[in-house]
Amino acid sequence: MASAGKAPRNATGRIPDPATLLALVQKAKPRGPSRAATERVRRMLVAYLETAIRQRLPAQQVIADMASGRAARRLGDVARDMIERDPPPVLRDAACASGCAFCCILSGGDGGTITEDEARRLHEALAPLAGVPDGRGWHPAACPALDPDSRMCRVYDDRPTICRSFVSTDAKACEVNAEGGAETGAGVLGSHIDYLAVHALVREVLKGIAQVRTYAMARVAAGAVEGRSLDESLDAARHPPRTLSDIFAALDGRG
Ligand code: SF4
Ligand code: SF4
């Protein structure tokens with residue numbers, strides 16, 4: 001498996017070029033996402049690799065972008081832009097406002113699934129704030145990236161995709177759900193499911209070539225504000241490989 005400083009190679013000892021990766025994407029069967037989601041994100045990843053081939057991007061860069069989640073984030077951004085151009089009712093009628101932060105109460109401790117690229121960006125943005133009072137001063141389960149007084153995200157530009165995708169038409173429902181309730185009207189946009197499905201497809205394509213990991217957002221953020229190094233924070237927050245497929249199993253065919 002690839003690790004920092006080593007070139008990713010397949011079983012034949014070669015670094016697969018983008019055309020080879022494209023062929024792998026076309027036949028991969030990822031575990032977890034529904035067939036509809038798989039075919040949707042397969043088309044996105046094919047377009048991504050066709051662009052990489054046209055632009056003659058180096059194979060190592062393409063593989064690193066795919067494995068780290070940078071590719072999934074870019075494709076997720078495109079999917080979200082499309083949704084925003086023709087917003088569904090949940091987005092048109094969103095109750096979201098500055099300082100409304102019940103969605104930043106991370107009940108369950110995990111805080112959502114993020115990629116390695118997102119974990120590194122989050123840690124880098126938060127590390128300078130180590131030791132400063134954080135969101136847990138407002139609510140014990142709040143995200144450590146939250147400002148406890150203003151209840152604004154202190155890493156807004158570097159917040160992960162899950163935070164960018166969460167929306168609600170009812171702040172009261174968010175408040176109830178933060179304490180374990182199951183009110184409707186709050187949840188992630190479909191673009192987030194596609195983002196996770198891209199990551200699942202990439203993991204299947206890069207099997208034996210490079211590791212495709214996921215992390216618990218809350219643990220990365222806690223590591224950063226508690227002064228732990230990037231490596232320590234990533235080690236503590238790394239998910240077991242099955243987490244991604246468990247997320248899709250919990251969606252029960254809706255993803
Ligand atoms: S998702 Fe809910 S808690 Fe978060 S900003 Fe929107 S209304 Fe407020
Ligand atoms: S990273 Fe920012 S937006 Fe996301 S849960 Fe934490 S405080 Fe909220």
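Visitor: Which residues surround ligand 1?

Guide: To read a ligand's surroundings, begin with the residues that line it. In this predicted model, ligand 1 is surrounded by Ala95, Cys96, Cys100, Phe102 and Cys103, together with Phe166, Ser168, Ala171 and Cys174. At least two residues of this shell come from strand S2 (166–168), and at least two come from helix H8 (171–178).

Visitor: How many residues of each class does the shell around ligand 1 have?

Guide: The shell around ligand 1 has 8 nonpolar residues and 1 polar residue, with no charged residues.

Visitor: And which residues surround ligand 2?

Guide: Around ligand 2 stand Cys104, Cys143, Ala145, Leu146, Cys153, Cys163 and Met217, and by class this shell divides into 7 nonpolar, no polar and no charged residues.

Visitor: Turning to the helices, at what angle do H4 and H9 pack?

Guide: For a helix pair, look at the angle and then at the separation of the axes. Helix H4 (residues 70–85) packs against helix H9 (residues 190–205) at about 155 degrees, and their axes are 9 Å apart. Angles over 145 degrees count as roughly antiparallel, and H4 and H9 are therefore roughly antiparallel to each other. Their crossing is right-handed.

Visitor: Which residues of H4 and H9 make the contact?

Guide: H4 contributes Ala72, Arg73, Leu75, Gly76, Ala79, Arg80 and Ile83, while H9 contributes Gly190, Ser191, Tyr195, Val198 and His199. The residues of this contact divide into 6 nonpolar, 4 polar and 2 charged.

Conventions
Residues numbered from 1 in each chain as written. Chains lettered and ligands numbered in written order. Predicted model: local features only at pLDDT ≥ 70, side-chain atom pairs only at ≥ 80, totals over all residues. Heavy atoms only, no water. Near = heavy atom within 4 Å. Helix = DSSP H or I, 4+ residues; strand = E, 2+ residues; numbered from the N terminus. Nonpolar A, V, L, I, M, F, W, Y, C, P; charged D, E, K, R; others polar. Axes fitted to C-alpha atoms, helices over the stretch in contact; angles between N-to-C directions. Parallel < 35°, antiparallel > 145°, perpendicular 65-115°, else oblique. Left-handed = near helix turned anticlockwise from the far one by under 90°. Contact = heavy atoms within 4.5 Å.
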